[in-house]
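Trainee: I would like to learn how to read a model of this kind, feature by feature. Could you take me through it, giving the general idea each time and then the case at hand?

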Amino acid sequence: MQIKLEHLEKKFGDATAVQDLSLTIENGKLLTLLGPSGCGKSTVLNMISGILAATSGRIWFDDKDVTGVPPEKRNVGLVFQNYALYPHMTALENICFPLEIKRVPKKQRIERARELAELIRISDLLDRKPLQMSGGQQQRVAIARALAKEPQVFLMDEPLSNLDAKLRVEMREEILRIQRASKVTTVFVTHDQEEALSISDSVVVLKNGVFQQQATARTLYDEPENYFVADFLGTPPINKLFGVMKNGCFCFKDSDLCCELPLRHPVEDGKETVLAVRPESILLSVAQQKLPCVVDERYSVGKDELAILNIAGQTMRGFVNPEYPISTGDKLECGFKQRGIFLFDKKTGERLS
Amino acid sequence: MKRKNELVKEGSLVERATKTRAFFEPVAFLAPFMVGLILFTVYPFINVFILSFKQNYKLSGAFSSFGLKNYADVLSDPNFLNGLKNTGLYVLFVVPIATVLSLFIANALNHDIKLKAVFQTSYFLPMVTSITAVGLVWKWLFNYDYGLINYLLSLFGISAINWLNNPAYNLSALIIYSVWSMLPFTIILLLAGFQNVDPQYYTAARVDGAKSGKIFFRITLPLLAPTIGLTTIINMISASKVFTELFPLFNGKPGSAYSLYTVVYYLYDMFYAQWKLGKAAASAIILFFIVLILTLLQLRIQRKWKNY
């Protein structure tokens with residue numbers, strides 16, 4: 001099932017939650033809606049499921065317009081953020097419920113539920129009620145329930161946000177495995193970039209209900225289309241260095257220090273710009289551009305070492321080789337890799353380089 | 001000042017003081033209620049229990065013999081047996097009818113309907129009115145010649161019913177009136193129950209493909225079961241003690257031809273009208289045990305209903 005959103009818009013009173021959103025989710029793929037909280041990603045999901053009616057625009061499932069179809073007739077499977085398992089039913093009954101609604105005979109229902117339980121690895125939990133299960137177990141049951149009726153579309157609304165860090169990684173791999181096995185077109189909503197980048201075929205970034213970019217996780221990270229996307233993705237966050245354009249070069253604010261960048265198109269002098277540099281794109285040893293900088297601080301985060309560098313009065317974080325002998329106060333020269341360095345228009349966020 | 005620095009040893013003054021406090025503090029908070037309870041409920045109950053075994057008890061304290069004769073008398077008194085039957089029938093009709101009606105009304109009030117506030121207020125009105133005053137109004141509604149109920153029935157071609165003066169219809173009249181007066185309290189509790197159900201379950205059920213009827217019976221009702229159990233117990237207990245409702249409808253008599261004895265009316269009659277204190281006490285104790293057994297049964301069922 002291919003899902004197509006056309007100029008989708010949702011208003012709550014005067015507030016616009018989603019604005020003119022058009023995108024296509026290819027059959028059998030997993031697409032993630034990514035954005036900070038309040039960016040409208042759950043609203044989009046709820047419009048796809050039919051829980052919320054679109055203010056304007058169309059939603060297509062293949063060549064069928066489902067915009068006005070109520071949720072009970074859309075045949076979508078939805079995993080809620082807090083799972084919303086029926087507390088008075090056992091796991092088995094929960095999984096069987098959508099089949100019961102479909103009037104599947106009881107024997108087949110249970111057979112199908114057991115198959116799913118096998119796939120989701122909860123066969124030993126089927127007699128338990130939701131309150132007797134852990135968050136991770138409840139989540140699996142919720143996934144099984146959503147998949148039970150063989151939905152055309154599988155929707156997940158931040159399904160991992162209630163789990164602890166370790167379980168989250170496990171469950172995210174599990175979801176990927178289940179999705180690959182069931183081949184259902186899936187839309188996954190999250191504010192966690194790591195989650196989004198690790199499981200999606202394609203990621204859509206939203207900001208204040210406005211589409212920013214749709215790409216694979218890799219492309220999104222390597223080639224952000226605008227400042228917001230570059231800033232939103234990556235931990236530690238991308239470094240932002242402010243400056244103005246002079247003779248086609250980026251010159252640090254209040255400084256004579258400039259560096260040359262391959263511009264996409266000519267940019268007029270004096271334009272205020274932001275140079276965004278991924279922490280792993282800072283070179284300390286062999287640099288092409290020689291930019292003088294001072295080491296403000298050096299510390300380790302797990303396997304990595306980070307240095308806070310002062311360059312022309314602005315600070316940036318960079319990964320350094322743990323064996324590289326620098327310490328606080330050292331003056332050295334740095335440069336940037338080709339990859340992971342972008343120039344944006346400060347005002348519009350448009351990418352210039 | 002020195003003491004503060006010492007370790008708190010077993011049996012030390014500090015520890016003993018803490019222990020004493022841990023005992024007296026809750027006791028102090030509970031005492032006012034407990035005193036009232038013991039003085040006005042437990043003590044009289046024990047006295048009534050003892051009284052129920054005394055024959056020909058006089059207010060002076062004299063009695064002729066001690067034994068089970070009061071119970072034998074009460075249990076063979078046709079008025080008491082009639083009262084038992086009437087009370088049973090009353091509970092059997094009033095409680096389920098009131099519960100089902102309240103469920104429908106609470107469900108409707110839980111949805112966003114027009115004039116919601118008006119409906120809410122009008123359904124809760126019986127709660128704030130005097131049972132006797134409203135009973136007098138119902139007496140007029142039930143009036144054979146001019147009553148609104150007979151008028152409405154006549155619109156459907158049903159001939160007038162002598163609700164209050166024909167013993168055959170007395171119980172029906174009482175039940176109709178009691179169901180009405182039982183509604184508000186039941187609705188309030190059930191409405192609270194409805195509002196406790198997380199709306200997400202409804203959304204989940206809709207996405208699962210369920211229509212409203214199915215959602216009501218498979219999701220709402222089971223989640224409401226503990227509340228329904230609670231209202232049923234409370235209503236059953238209060239209905240077993242039906243008494244006040246009789247007065248305005250039948251001029252203080254138990255039905256038009258003394259046909260509508262209830263257990264508590266019998267008790268009242270023995271106590272105030274006939275001064276047979278032992279028999280009154282015995283009937284009170286019998287009622288107590290009936291209500292107790294019903295309640296225990298209900299609690300067991302309710303525990304089964306409490307399904308999550």
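Mentor: Let us begin with the domains of chain A, whose bounds come from an automatic or database domain assignment: the C-alpha centres of domain 1 of chain A and domain 2 of chain A lie 39 Å apart. Domain 1 covers residues 3-231 and domain 2 covers residues 237-345, and their contact, where contact means heavy atoms within 4.5 Å, takes 10 residues from domain 1 of chain A and 9 residues from domain 2 of chain A. Please keep in mind that this is a predicted model, in which local features need pLDDT of at least 70 and side-chain atom pairs count only at pLDDT 80 or more, while totals for chains, interfaces and linings use all residues. Residues are numbered from 1 along each chain as its sequence is written, chains are lettered from A and ligands numbered from 1 in the order in which they are written, and side-chain values use heavy atoms, with hydrogens and water left out.

Trainee: What are the numbers of helices and strands in chain A, and what percentage of its residues count as buried?

Mentor: Helices (H or I, at least four residues) and strands (E, at least two) are DSSP runs, numbered from the N terminus, and chain A has 8 helices and 20 strands. Buried means under 20% relative accessible area, exposed means over 50%, and partly exposed lies in between, with a 1.4 Å probe and protein chains only; by that rule 53% of the 353 residues of chain A are buried. The C-alpha trace of chain A spans about 75 × 45 × 30 Å along its principal axes, and of the contacts between residues at least 6 apart in sequence, 67% join residues at least 24 apart.

Trainee: Where is A:Val189 found, and which residues is it in contact with, beyond its neighbours within four places in sequence?

Mentor: A:Val189 belongs to strand S8 (residues 185-190) of chain A, and it counts as buried because its relative accessibility is 0%. Setting aside neighbours within four places in sequence, A:Val189 has contacts that include A:Leu33, A:Leu45, A:Met156 and A:Pro159, together with A:Lys41 and A:Asp157.

Trainee: How many disulfides does a search of the whole structure find, and which residues does a disulfide join?

Mentor: A disulfide is a covalent bond between the sulfur atoms of two cysteines. Here it is taken as a pair of cysteine sulfur atoms within 2.5 Å, and the search finds 1 disulfide over all chains. The bond joins A:Cys251 to A:Cys258, with 1.8 Å from S to S, and the link is right-handed, with 100° about the S-S bond. A:Cys251 counts as buried at 1% relative accessibility, whereas A:Cys258 counts as partly exposed at 32%. A:Cys259 is in no disulfide, and the nearest cysteine sulfur, that of A:Cys249, is 7.6 Å away; A:Cys259 is buried, at 3% relative accessibility.

Trainee: At what angle do the axes of H10 and H13 of chain B cross?

Mentor: Axes are lines fitted to C-alpha atoms, for helices over the stretch in contact, and angles run from 0 to 180 degrees between N-to-C directions. The axes of helix H10 (residues 212-240) and helix H13 (residues 277-305) of chain B come within 9 Å and cross at roughly 175°. Angles under 35 degrees count as roughly parallel, over 145 as roughly antiparallel, 65 to 115 as roughly perpendicular and the rest as oblique, and H10(B) and H13(B) are therefore roughly antiparallel to each other.
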